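Reader: I am new to protein structures and would like to go through this one step by step. Please show it first, and then I will ask my questions.

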Amino acid sequence: MPETIVSCAGLVRTFTAKDGTENAVLKGLDLTVERGECVVIIGPSGCGKSTLLNLLAGFDKPTAGSLTVAGSAVTGPGPERAVVFQDYALLPWLTTVQNVAIGLRIKGMKKKERLQKARHYLDIVGLGHAADREVYRLSGGMQQRVSIARALALEPAILLMDEPFGALDAIQRGIMHTELTRIRKETKSTVLFITHSLEEAVFLGDRVIALSHGTSGAPAEVAVPLAYPRDALAPEFLDIMREVRSLLPAQASAAV
Ligand SMILES: Nc1ncnc2c1ncn2[C@@H]1O[C@H](COP(=O)(O)OP(=O)(O)OP(=O)(O)O)[C@@H](O)[C@H]1O
């Protein structure tokens, strides 16, 4: 039986400007994510992808509707929802392992245990050898792996990833796609991933969900029943990319 990790029902987020104008970004979104799934969110700029992620992370509160993660209502940030952003948000004055361990303070773990766990997750992201290096000396791709290790170390119910590879060059991006697939297999993580890239969406997702401006109800989605490793040039991959593109408005699909 699948276990629901994320459940949004009738989720509304309306922003009100100083002059009273209302911007209804989410108008009653229904969405679920099951344990172990990688759900990718795609959609035109400004449609509310980051708004949704911020609500899930507990950085923002819905105007109406319900939002639960791992069976509990979201009322603020928590270690069961780890966020990975495009900028790595690392502390440059700390070493790599200290950067990963620091997030574990929130769990009240002793220092020795924190460092042990941090080293374990650095091994998982392939950075065990760089544990004691100054983090700011690492490449962009390596720094993004550190931020993923920091998120994984929390052993969260879900990893929330907001365009995490957006700042990487094409080669690093490709490496990170393969790595994330491997890490998911190894840690059985549940992931909600935001991207502008159709190829990234189909490469990583079990399901790709397309938001639109003012999404209400269950958004359109495409299942990606392709085995790993996925070949972005295979006809069945391209067919799914086309299907996902057809869910986007013409201007947005021209841009991706
Ligand atoms: N704190 C805020 N206050 C007011 N308006 C906001 C706030 N956060 C987001 N918005 C508005 O909500 C809408 C959705 O923004 P959001 O950042 O979620 O879009 P997005 O789909 O992630 O866009 P992009 O793909 O460009 O990153 C935009 O119109 C934005 O201006």
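Reader: Of the contacts in the protein chain between residues at least 6 apart in sequence, what percentage join residues at least 24 apart?

Author: Before we count, note that this is a predicted model, where local features need pLDDT of at least 70, side-chain atom pairs count only at pLDDT 80 or more, and totals for chains, interfaces and linings use all residues. Residues are numbered from 1 along each chain as its sequence is written. Two residues are in contact if their C-beta atoms, placed from the backbone, lie within 7 Å. Among such contacts between residues at least 6 apart in the protein chain, the share joining residues at least 24 apart is 69%.

Reader: Which radius of gyration does the protein chain have, and what would a compact globule have?

Author: The radius is taken over C-alpha atoms, and the globule rule is 2.2 Å times the number of residues to the power 0.38. For 256 residues, a compact globule would come out near 18 Å, and the protein chain agrees with that, at 18 Å.

Reader: What percentage of the residues in the protein chain is buried?

Author: Here we count neighbours: a residue is buried if 20 or more other C-beta atoms lie within 10 Å of its own, exposed if 12 or fewer, and partly exposed in between, with C-beta atoms placed from the backbone. Of the 256 residues in the protein chain, the buried ones make up 39%.

Reader: How many helices and strands are there in the protein chain?

Author: Both are DSSP runs numbered from the N terminus: helices are H or I with at least four residues, and strands are E with at least two. Counted in this way, the protein chain has eight helices and 11 strands.

Reader: In what order do the five strands of the open sheet stand?

Author: Two strands pair if DSSP finds at least two bridges between them. β1 (residues 4–16) runs antiparallel to β2 with 10 bridges, and antiparallel to β4 (residues 64–69) with five. β4 and β5 pair over two bridges, also in the antiparallel sense. The open sheet has mixed pairing, and its order is β5-β4-β1-β2-β10.

Reader: Which residue takes a positive phi in the hairpin of β4 and β5?

Author: For comparison, the hairpin of β1 and β2 has five residues between the strands, and Gly 20 in the turn has a positive phi of about 90°. The hairpin of β4 and β5 has two residues between the strands, and the one with a positive phi, near 50°, is Ala 70.

Reader: Is Lys 188 buried or exposed?

Author: Lys 188 lies in the loop between α5 and β8 (191–194), and although it is not a glycine, its phi is positive, about 55°. Because 9 other C-beta atoms lie within 10 Å, Lys 188 is exposed.

Reader: Which residues does a cis peptide bond join?

Author: Look in the loop between β11 (220–223) and α7 (235–245), where Pro 229 has its place. The cis bond there has an omega of about -5°, and the residues joined are Tyr 228 and Pro 229.

Reader: Which element gives the largest share of the shell around the ligand?

Author: A residue belongs to the shell if its C-beta atom, placed from the backbone, lies within 6 Å of the molecule. The ligand is surrounded by residues including Phe 15, Asn 23, Lys 49 and Thr 51. Two elements give two or more residues to this shell, β2 (22–34) and α1 (49–57). The largest share, three residues, comes from α1.

Reader: How many residues of the shell around the ligand are charged?

Author: Ala, Val, Leu, Ile, Met, Phe, Trp, Tyr, Cys and Pro count as nonpolar, Asp, Glu, Lys and Arg as charged, and the others, Gly among them, as polar. In the shell, three residues are nonpolar and seven polar, and the number of charged residues is one.
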